[in-house]
Amino acid sequence: MSREFRQVDVFTTTPYHGNPLAVVLDADGLTTEEMQRFAHWTNLSETTFVLPPTTSDADYRVRIFTTTSELPFAGHPTLGTCHAWLEAGGVPRAAETIVQECGAGLVRVRKTGDGLAFAAPPLLRSGTVEEPLVERVAEVLGIERGEIVDIEWADNGPGWVAVLLKDADAVLALRPGATELSIGVVGPYPAGAPHAFEVRAFCPAEGGMVEDPVTGSLNASVAQWLLRTGRAAAPYVAAQGTVLGRAGRVRISTDTDQNVWVGGAAVTCISGQVEL
């Protein structure tokens with residue numbers, strides 16, 4: 001049957017400069033196998049499927065697929081799906097807050113002057129990374145162990161290990177090799193620069209490595225880490241995708257309850273019907 005479809009570019013105001021996402025609206029009736037097959041076919045980092053919520057606390061439910069597996073949560077699919085849902089006529093129960101149901105639970109999304117923002121979910125794993133693994137991370141990144149300023153688990157679903165380098169130039173210079181880990185790297189820009197940090201995300205892919213253009217989940221967990229350790233002050237803007245020719249911009253803020261919000265713009269690049 002024909003289903004409404006969007007392809008959205010997330011964390012950018014300019015089409016084709018962010019991270020693309022395929023969104024199938026009205027996905028009710030599709031099997032997991034059908035969703036996975038379509039996500040594999042789109043060949044994007046993620047494809048999402050919008051379904052009726054299973055709880056009255058949510059406005060919609062979303063299932064998030066990579067080309068090979070399903071994720072409980074991911075950041076750019078959260079913002080991109082919400083953008084597509086609202087554009088297609090979705091009406092949230094609350095005027096300024098949308099509640100998304102996903103594998104990780106309920107995620108709040110709010111409208112901002114710069115687009116949308118989601119409340120960073122709690123970390124599933126944090127704290128010290130064992131030294132043998134630190135050595136392995138340095139090897140993957142192609143740097144000396146001493147170049148790692150700090151490193152922690154910052155896993156909110158995808159399994160991130162977060163690495164802090166001395167500055168943004170060190171992050172941009174990385175040329176990593178194959179990895180079995182999901183590694184996020186961050187480095188600060190000088191005071192007064194347009195962006196506070198440069199972020200890069202490296203993920204395993206069929207025995208090799210793929211770099212994600214702009215990564216909401218990583219920026220969420222890195223922000224929680226940097227703010228907790230006093231290395232950042234909110235609000236701030238992180239840049240990501242520079243090495244890939246993208247211009248991703250992730251806006252980090254906090255509220256009065258010290259919740260971390262991860263925001264950015266989204267633009268629709270393709271709108272139509274898909275046969276599924």
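Rings of Phe, Tyr and Trp (for Trp, the six-membered ring) pair if their centres lie within 6.5 Å, and planes over 60 degrees apart count as edge-to-face. Keep that handy, and remember that this is a predicted model.

**Exercise 1. Aromatic pairs**

Find out which residues form one aromatic cluster, then work out what kind of pair Phe49 and Phe65 make.

*Solution.* 
- Start with the tally: the ring rule gives 7 aromatic pairs.
- Take Phe49 and Phe65. Their ring centres are 5.7 Å apart with the planes at 90°, so this pair is edge-to-face.
- Now place them: Phe49 belongs to strand β3 (residues 47–51) and Phe65 to strand β4 (residues 60–65), so the pair ties together parts that are 16 residues apart in sequence.
- Check burial: Phe49 and Phe65 are both buried.
- Finally, the cluster: Phe5, Phe38, Trp41, Phe49 and Phe65 make it up.

**Exercise 2. A link across the chain**

Classify the pair Phe73 and Phe118, and say where each partner sits.

*Solution.* 
- The centres are 5.5 Å apart and the planes make an angle of 70°.
- Phe73 is in the loop between β5 (70–71) and α2 (75–87), while Phe118 is in strand β8 (residues 115–119); 45 residues separate them, so to speak, and the pair links distant parts of the chain.
- Phe73 and Phe118 are both buried.

**Exercise 3. The cores**

Which residues touch the most other members of the largest nonpolar core, and which helix gives the most to this core?

*Solution.* 
- This core has 47 residues, and Phe118, Val186, Leu226 and Tyr236 touch the most other members.
- Helix α5 (residues 216–228) gives the most, with 6 residues.
- Another core lies apart from this one; it has 20 residues, including Leu141, Ile143, Leu174 and Ile183.
- Back to Tyr236: leaving out residues up to four places away in sequence, its contacts include Ala196, Phe197, Leu226 and Ile252.

**Exercise 4. Arginines to look up**

Is Arg200 buried or exposed? And which rings do Arg110 and Arg125 lie over?

*Solution.* 
- Arg200 is in strand β13 (residues 197–205). Its relative accessible area is 3%, and the cut-off for buried is under 20%, so Arg200 is buried.
- The Arg200 side chain reaches the backbone oxygen of Leu174 at 3.0 Å.
- Beyond four places in sequence, Arg200 also touches Glu211 and Gln240, among others.
- Arg110 lies over the face of Trp261, 4.0 Å from the ring centre.
- The charged end of Arg125 is over the ring of Trp153, 3.8 Å from its centre.

How values were computed. Residues are numbered from 1 along each chain as its sequence is written. This is a predicted model: local features need pLDDT of at least 70, side-chain atom pairs count only at pLDDT 80 or more; totals for chains, interfaces and linings use all residues. Side-chain values use heavy atoms; hydrogens and water are left out. A nonpolar core is a set of buried Ala, Val, Leu, Ile, Met, Phe, Trp, Tyr and Cys residues joined through side-chain atoms within 4.5 Å. Buried means under 20% relative accessible area, exposed over 50%, partly exposed in between (1.4 Å probe, protein chains only). Helices (H or I, at least four residues) and strands (E, at least two) are DSSP runs, numbered from the N terminus. Contact means heavy atoms within 4.5 Å. A polar contact is a pair of N or O atoms within 3.5 Å; within protein, one must be able to donate a hydrogen and the other to accept it, and residues adjacent in sequence count only if both atoms are side-chain atoms. Rings of Phe, Tyr and Trp (its six-membered ring) pair if their centres lie within 6.5 Å; planes under 30 degrees apart count as stacked, over 60 as edge-to-face and the rest as tilted. A charge sits over a ring if NZ of Lys or CZ of Arg is within 6 Å of the ring centre and within 35 degrees of the ring normal.
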